[in-house]
Amino acid sequence: MSLPERYPFIRELSEAGRAQLFAALSPVRLSARQLYLSEGQPCESLVLLETGALRVFKLSSTGRQLTLFRVRPGECCLFSLSAALAAAPYPANVEASAPSTGQALPAAVLRALHASEPAVQRLATATTHGLLTDLMALVSEVAFRRVDARLAKLLLDEAASRGVVETTHEKLAAHLGTAREVVSRLLENFADDGWVRVGRGAVEVLDERALAAAASER
């Protein structure tokens with residue numbers, strides 16, 4: 001799938017705008033778990049993702065992580081959009097959830113296109129609305145959903161089509177903002193119920209329906 005097919009706003013640019021965008025792009029290639037941006041760093045580009053996924057997260061002073069949202073092919077990171085347009089530092093951390101490739105659009109070119117191209121202005125508005133909706137859901141989840149339901153949902157999301165989550169108890173705990181002991185105990189419960197199989201550095205999903213039911217509980 002071509003970049004304009006993944007990102008329809010490119011097709012809506014003027015001929016001059018498309019030429020300016022494509023002339024400025026540079027390839028990005030990230031390995032799984034590779035850190036791409038750290039909180040406070042200058043945001044020098046907007047990545048138009050072609051394969052893989054990016055995870056945007058906050059990191060506490062004690063090392064705990066809270067996943068804010070993920071960016072997948074065809075999506076734009078609002079934090080990158082806003083930071084690049086405002087020439088401001090990036091407000092979180094970004095790492096590749098899987099091997100990922102994309103094209104980086106320099107911040108200066110993004111600002112120029114935003115000033116002259118209605119398609120880029122609409123992109124910024126739509127991305128803002130979509131992410132605010134997602135972040136409100138995250139606030140509700142963190143505030144009101146039980147940890148076991150959040151863990152079940154995380155396992156389902158991360159397992160995707162392969163049915164296996166390659167991670168550790170520490171990383172799962174960091175994602176959920178809880179203690180490793182809590183995650184270990186919950187995984188033991190899930191394993192006893194036959195929902196998952198826990199191995200070294202991996203969790204295999206055995207019963208998606210049961211996990212989905214647990215994930216829906218409040």
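Mentor: What follows goes through the helices in turn, then some loop residues and the cysteines. Keep in mind throughout that this is a predicted model.

Start with helix 2, residues 15-24. Which of its residues are buried? They are Gly 17, Leu 21 and Ala 24. Viewed down the axis of helix 2, these buried residues stay within an arc of 75°, so they line one face of the helix. The other side of helix 2 carries exposed residues: Glu 15, Ala 16 and Ala 23. What does the buried set pack against? Strand 1 (26-30), strand 7 (100-106) and helix 4 (107-116) are the partners.

Helix 4 leads on to helix 3, residues 78-86. The axes of helix 3 and helix 4 come within 8 Å. They cross at roughly 85°. An angle of 65 to 115 degrees counts as roughly perpendicular. Helix 3 and helix 4 are therefore roughly perpendicular to each other. From helix 3, the contact draws on Leu 81, Ala 84 and Leu 85. From helix 4, it draws on Ala 107, Leu 110, Arg 111 and His 114. By class, the residues of this contact are five nonpolar, one polar and one charged.

Stay with helix 3 for a moment. Ser 82 also sits in helix 3. Is Ser 82 buried, exposed or partly exposed? Its relative accessibility is 37%, which means it counts as partly exposed. For a sense of distance, take Ser 82 and Gly 163. They are 81 residues apart along the chain, and their C-alpha atoms are separated by 35 Å. The phi of Ala 87 is near 50°, a positive value in a residue other than glycine. Ala 87 is exposed, at 59% relative accessibility.

Arg 33 also has a positive phi, near 70°, and is likewise a residue other than glycine. Its place is the loop between strand 1 and strand 2 (35-37). Arg 33 is partly exposed, with 30% relative accessibility.

Now helix 5, residues 118-144. Leu 131 is buried, with a relative accessible area of 6%. Which residues does Leu 131 contact, setting aside neighbours within four places in sequence? They are Phe 69, Leu 78 and Phe 79. Compare that with Pro 106, which is 25 residues from Leu 131 along the chain. The C-alpha atoms of Leu 131 and Pro 106 are separated by 22 Å.

Next, helix 6 (residues 147-159) and helix 8 (residues 180-192). Their axes lie 11 Å apart and pack at an angle of about 70°. Helix 6 and helix 8 are therefore roughly perpendicular to each other. Helix 6 brings Val 147, Asp 148, Leu 151, Ala 152 and Leu 155 to the contact. Helix 8 answers with Val 182, Val 183, Leu 186, Leu 187 and Phe 190. By class, the residues here divide into nine nonpolar, no polar and one charged.

Helix 7, residues 169-176, is next. Why is helix 7 described as largely enclosed by the rest of the structure? Because six of its eight residues are buried. Those are His 169, Leu 172, Ala 173, Ala 174, His 175 and Leu 176. What covers them? The cover includes helix 6 and helix 8. It also includes strand 4 (54-59), strand 5 (65-71), strand 9 (196-199) and strand 10 (202-205). Just after helix 7, Gly 177 takes a positive phi of about 70°.

Finish with the cysteines. How many disulfides does the model have? The count is zero. A disulfide needs a pair of cysteine sulfur atoms within 2.5 Å. For Cys 43, the closest cysteine sulfur is that of Cys 77, at 7.3 Å, too far for a bond. For Cys 76, the closest cysteine sulfur is again in Cys 77, at 8.7 Å, also too far for a bond. Cys 43 counts as buried, at 7% relative accessibility. Cys 76 is buried too, at 12%.

Technical notes: Residues are numbered from 1 along each chain as its sequence is written. This is a predicted model: local features need pLDDT of at least 70, side-chain atom pairs count only at pLDDT 80 or more; totals for chains, interfaces and linings use all residues. Side-chain values use heavy atoms; hydrogens and water are left out. Axes are lines fitted to C-alpha atoms, for helices over the stretch in contact, and angles run from 0 to 180 degrees between N-to-C directions. Helices (H or I, at least four residues) and strands (E, at least two) are DSSP runs, numbered from the N terminus. Angles under 35 degrees count as roughly parallel, over 145 as roughly antiparallel, 65 to 115 as roughly perpendicular and the rest as oblique. Contact means heavy atoms within 4.5 Å. Ala, Val, Leu, Ile, Met, Phe, Trp, Tyr, Cys and Pro count as nonpolar, Asp, Glu, Lys and Arg as charged, and the others, Gly among them, as polar. Buried means under 20% relative accessible area, exposed over 50%, partly exposed in between (1.4 Å probe, protein chains only). The arc is that of the directions from the helix axis to the C-beta atoms.
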